Amino acid sequence: MRRTLGRAAAGFAAATLALTGLAACSAEREGTTGGESAAAEETIVGIAMPTRSLERWNNDGDHLKALLEEAGYKVSLQYADNKVEQQITQIQNMVNEGADILVVASIDGTALAPVLADAKAKDATVIAYDRLINGTPDVDYYATFDNELVGTLQGQFIEEQLGLKDGEGPFNLEPFAGSPDDNNAKFFFKGAWDVLLPYVESGQLVVPSGKSPASVDEWTSIGIQGWESAKAQSEMENRLNSFYQDKKVNVVLSPNDSLALGIAQALESAGYAPGAEYPVITGQDADLANTKNILADKQSMSVWKDTRTLGNQVAKMVDSIVAGEEPEVNDTETYDNGEKVVPSFLLEPQVVTKDDVESALVESGFFDASELGL
Ligand code: GAL
């Protein structure tokens with residue numbers, strides 16, 4: 001499944017949108033560089049993505065590459081199979097090949113300081129993509145979605161679904177957090193736990209497995225390395241076998257869709273089936289398999305982040321940098337990477353439930369109806 005121009009295998013709607021999106025974006029960018037520009041053709045952009053095994057990064061990479069090549073940039077797009085050393089080597093190669101701009105979605109945001117120091121020594125500009133890069137002054141801009149809001153939306157969804165504000169409960173909750181090396185995972189968990197922890201403390205939410213961080217700072221204690229579905233599945237199976245012989249899970253806080261997929265699989269193997277007894281399960285990214293699960297009542301929601309809008313924003317940043325202008329940012333406070341507060345552009349995430357799939361995901365061309373069996 002790809003969300004890029006030229007592969008409009010998807011329905012006319014999706015292709016049209018991709019075209020209009022791309023055309024609109026280059027029209028927007030035309031405001032700065034007027035489509036293919038001499039400057040663009042002399043500029044090399046290196047794009048480093050974490051892995052192809054997590055669905056969204058394929059969309060991110062392909063869309064951004066298509067946009068930049070459309071504008072005349074020379075683009076190198078690399079995926080690092082979630083291996084930190086491989087990503088460092090890929091970025092080093094981009095630097096050695098004369099990349100002027102690096103767009104990096106880091107695997108481990110704390111591991112890139114040396115290679116970015118070399119990039120800076122060679123006058124490259126560095127944009128952190130979706131995930132912040134930490135512990136270095138050599139990152140210039142950051143473009144992402146409002147990561148804490150993602151978690152807040154998941155926490156509020158649970159609060160609303162269970163009627164927690166009205167004093168309902170107790171309910172059995174099992175919380176999960178993202179990959180311990182991912183800077184975003186901390187923000188996702190903080191957003192959700194700030195909403196849910198008071199209910200854990202009041203007893204309206206109970207965590208039979210005991211995997212309940214006493215504070216946000218302890219989030220890595222329930223982190224799933226690499227955001228792997230299989231690891232989430234076996235963790236959930238362990239919790240079900242050990243703590244749910246005589247009770248039911250009522251709600252699972254899953255920070256993203258790849259984990260939610262494994263969790264739903266574990267529940268299914270343990271005999272849970274969609275219906276009144278099925279737990280509330282959260283997610284993020286609106287991956288295809290999870291969107292099908294939402295339609296089949298095996299997942300309750302996903303926080304959708306339209307990766308095309310992030311690609312469009314980064315393409316605008318690249319244009320501004322090449323034009324010698326300051327890229328547009330809308331947050332110069334939140335993202336302190338330990339060395340500096342990185343000027344950032346935050347985009348809005350949105351909740352998608354069964355009722356929103358058509359209007360949000362199909363009508364916008366993110367999915368073609370046939371992909372979802374609609
Ligand atoms: C996060 C990203 C999420 C999710 C996760 C696993 O950093 O913001 O959208 O995809 O990684 O890839």
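Are Phe187 and Tyr335 buried or exposed? In this predicted model, Phe187 is buried, and Tyr335 is buried as well. The points below set out the aromatic contacts, then the charges over rings, and then the backbone.

**Aromatic pairs**
- Across the whole structure, a search finds six aromatic pairs.
- One of them joins Phe187 and Tyr335 in a tilted arrangement, with 5.0 Å centre to centre and 45° between the planes; this pair links distant parts of the chain, since Phe187 belongs to helix α7 (residues 183-202) and Tyr335 to the loop between α11 (307-322) and β11 (344-347), 148 residues apart.
- Phe188 and Trp227 form an edge-to-face pair, with 6.0 Å centre to centre and 65° between the planes, and the two residues, Phe188 in helix α7 and Trp227 in the loop between β7 (205-206) and α8 (229-243), are 39 residues apart.
- Phe188 counts as buried because its relative accessibility is 3%, and Trp227 counts as buried because its relative accessibility is 5%.
- Tyr142, Phe187 and Tyr335 together form one aromatic cluster.

**Charges over rings**
- Arg52 lies over the face of Tyr79, at 3.9 Å from the ring centre, while the charged end of Arg56 sits over the ring of Trp57, 4.0 Å from its centre.

**Backbone**
- Gly169 and Pro170 are joined by a cis peptide bond with omega about 0°, and Pro170 lies in the loop between α6 (147-162) and β6 (171-175).
- Asp123, in the loop between α5 (113-121) and β4 (125-129), has a positive phi near 65° and is exposed, with a relative accessible area of 67%.
- Asp285, in the loop between β9 (280-281) and α10 (288-295), has a positive phi of about 105° but is buried, with a relative accessible area of 11%.

Conventions:
Residues are numbered from 1 along each chain as its sequence is written. This is a predicted model: local features need pLDDT of at least 70, side-chain atom pairs count only at pLDDT 80 or more; totals for chains, interfaces and linings use all residues. Side-chain values use heavy atoms; hydrogens and water are left out. Helices (H or I, at least four residues) and strands (E, at least two) are DSSP runs, numbered from the N terminus. Buried means under 20% relative accessible area, exposed over 50%, partly exposed in between (1.4 Å probe, protein chains only). Rings of Phe, Tyr and Trp (its six-membered ring) pair if their centres lie within 6.5 Å; planes under 30 degrees apart count as stacked, over 60 as edge-to-face and the rest as tilted. A charge sits over a ring if NZ of Lys or CZ of Arg is within 6 Å of the ring centre and within 35 degrees of the ring normal.
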